[in-house]
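Let's walk through this protein together, from a pair of rings to its core and pockets. Have the model open beside you as you read.

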Amino acid sequence: MKQTTHPPDHRTAGVRNGAAPAVSPPDRSGKRRRPPSTQWAAWAFLAPVTAYLALFYAYPLYRNVDLSLRDYTVRSFVQGDAPFTGLANYRKVFDDPIFAPALVHTAVFTAVCLVFQYAIGLALAVFFHQNFRLSATLRALFLVPWLLPLIVSASTWSWMLSSESGVVNAALHALGIGPVNWLTSPSWSLASVIIANIWIGVPFNLVVLHSGLQSIPPSLYEAAAIDGANTWQRFWRVTFPLLRPVSAITLLLGLIYTLKVFDIIWIMTKGGPADSSTTFATWSYQLGFGNLLPAFGPGAAVGNLLVVAALVFGLVYVRVQRKQGLS
C-alpha cells in the first residue's frame with residue numbers, strides 16, 4: 001500500500017482546531033487596526049491627563065490672554081463685560097517707565113542665579129560623587145534648603161540680612177567692616193534676593209547633576225587615567241561632555257523656575273526700595289493685586305511676557321536636542 005504524504009501544517013493550534021485568529025485585518029493602508037477595546041482603554045488612560053492639562057493649564061492660560069486683551073476693572077471682572085482693547089495693555093506696559101528696569105532686573109536675576117546655581121551644584125555633585133564616608137548624610141543635609149517652604153527660607157534670609165539685628169552684619173562687624181543695608185539700599189537689594197535664590201536652587205542642581213554623574217561608566221575614568229590625564233583633564237574631557245544632556249535640562253528647568261520667582265523677592269524686599277529689585281513676576285503682581293485700583297489687563301500682559309520667554313527658551317532647547325539627535 002502506498003502511504004499518502006501530506007504537507008506539514010504550519011497553522012497555529014487555534015486555527016487547526018477551528019478557532020479564528022485574534023488578529024484584526026489590515027486596513028487599506030496596510031496597517032493592522034487595533035481592536036476597539038484597546039482603543040477605548042487608551043482613551044480612558046489619556047482622559048485624566050487631558051482633563052488635568054485643560055483645567056489647570058490651558059484654561060488659566062486662555063483666561064490670562066483674555067485679561068491682557070480687555071480693559072478689566074473690579075466691576076467688569078465680576079460681571080464679565082470688559083470691553084475688548086486689543087494690544088493696548090501691552091503698549092501701556094512697554095511705555096511704562098518701570099518696564100526697562102524690570103526687564104534688566106529679570107535678566108540679571110535669572111542669569112546670575114543660573115550661573116552660580118549650576119556651578120556650585122556641579123562642584124558639589126563632583127565632590128559627593130567620590131562616595132567618601134558620610135557622603136550620603138552630608139548630601140541629604142544639602143537638600144534642606146530645597147525642602148523648606150519658600151516663605152520660611154525667605155523669612156530666614158530677611159532676618160539674616162537685617163540691617164540692625166542680622167547675623168551677616170554682625171559677622172561683618174566682627175571683621176571690622178561697617179554694616180550693609182542689604183534689604184533697604186537700592187544698591188544691595190537685588191544682590192540680596194539673588195544670594196537667597198542661589199542658596200535655595202543649589203540643591204536641585206546637586207541632585208540632578210549627581211544622578212547624571214552616576215550614569216557615567218567608571219571604565220572611562222580608568223582609561224583616561226591610564227592615558228595620563230590628571231583630575232582636571234578627566235573632568236573637562238570626560239565628565240563635562242557626558243553631562244551635557246543632563247546639564248541642558250537642568251539649566252532649562254532652572255531658567256523656567258527663576259523667571260517666575262516671586263515669593264522670595266516679595267517677602268524680602270517687595271520689589272523695592274524704589275523698584276530696585278522689581279522683576280516681571282513682582283511687577284505683574286503689583287499691577288494686578290498690589291494697588292487699591294488693580295490693573296488686571298497690564299498685569300496679565302506682563303505675565304504673558306514671562307510665558308512667552310519661557311516658551312522661547314523651551315523651543316530653543318527642543319531644537320538643539322533635535323539637532324544633536326540627528327547628528
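**A guided walk through the model**

Trp236 and Phe240 sit four residues apart in helix 12, so about one helical turn separates them. Helices here are DSSP runs (H or I, at least four residues; strands are E, at least two), numbered from the N terminus. Before going further, please note that this is a predicted model, in which local features need pLDDT of at least 70, side-chain atom pairs count only at pLDDT 80 or more, and totals for chains, interfaces and linings use all residues. Residues are numbered from 1 along each chain as its sequence is written, and side-chain values use heavy atoms, with hydrogens and water left out.

A pair of aromatic rings is described by the distance of the centres and the angle of the planes. Rings of Phe, Tyr and Trp (its six-membered ring) pair if their centres lie within 6.5 Å; planes under 30 degrees apart are stacked, over 60 edge-to-face, and the rest tilted. A search of the whole structure turns up 20 aromatic pairs. In one of them, Phe235 and Phe240 are tilted, with 6.2 Å from centre to centre and 50 degrees between the planes. Trp236 and Phe240 are stacked instead, at 5.2 Å centre to centre and 10 degrees between the planes. How exposed are these residues? Buried means under 20% relative accessible area, exposed over 50%, and partly exposed in between (1.4 Å probe, protein chains only). Phe235 is buried, with a relative accessible area of 17%, while Phe240 is partly exposed at 24% and Trp236 is partly exposed at 48%. Elsewhere, ring pairs join Phe262, Trp266, Tyr285, Phe289 and Phe296 into a cluster.

Now turn to the nonpolar core, a set of buried Ala, Val, Leu, Ile, Met, Phe, Trp, Tyr and Cys residues joined through side-chain atoms within 4.5 Å. The largest one has 36 residues, and Phe109, Leu161, Trp182 and Met268 touch the most other members. Among the helices that each supply at least two residues are helix 5 (99-128), helix 11 (218-226) and helix 14 (263-268). The largest share, 10 residues, comes from helix 10. A second, separate core of 15 residues includes Phe99, Ala102, Leu255 and Leu306.

Thr279 counts as buried because its relative accessibility is 3%.

Finally, look for the open spaces. A pocket is found on a 1 Å grid over the protein atoms alone, as an open set of points where a 1.4 Å probe fits, with protein on both sides within 12 Å along at least five of seven lines; lining residues have an atom within 4 Å of a point. The largest pocket holds about 680 Å³ of space. Its lining has 22 residues, of which Asn64, Ser284, Gly299, Gly303 and Leu306 lie nearest the centre. Helix 16 gives the largest share of this lining, eight residues. The second largest pocket holds about 310 Å³. Phe235 returns here as one of the lining residues, and others include His129, Tyr221 and Arg234. Helix 12 gives the most to this lining, with five residues.

Methods:
Points joined across faces, edges and corners; volume = space filled by probe spheres on them.
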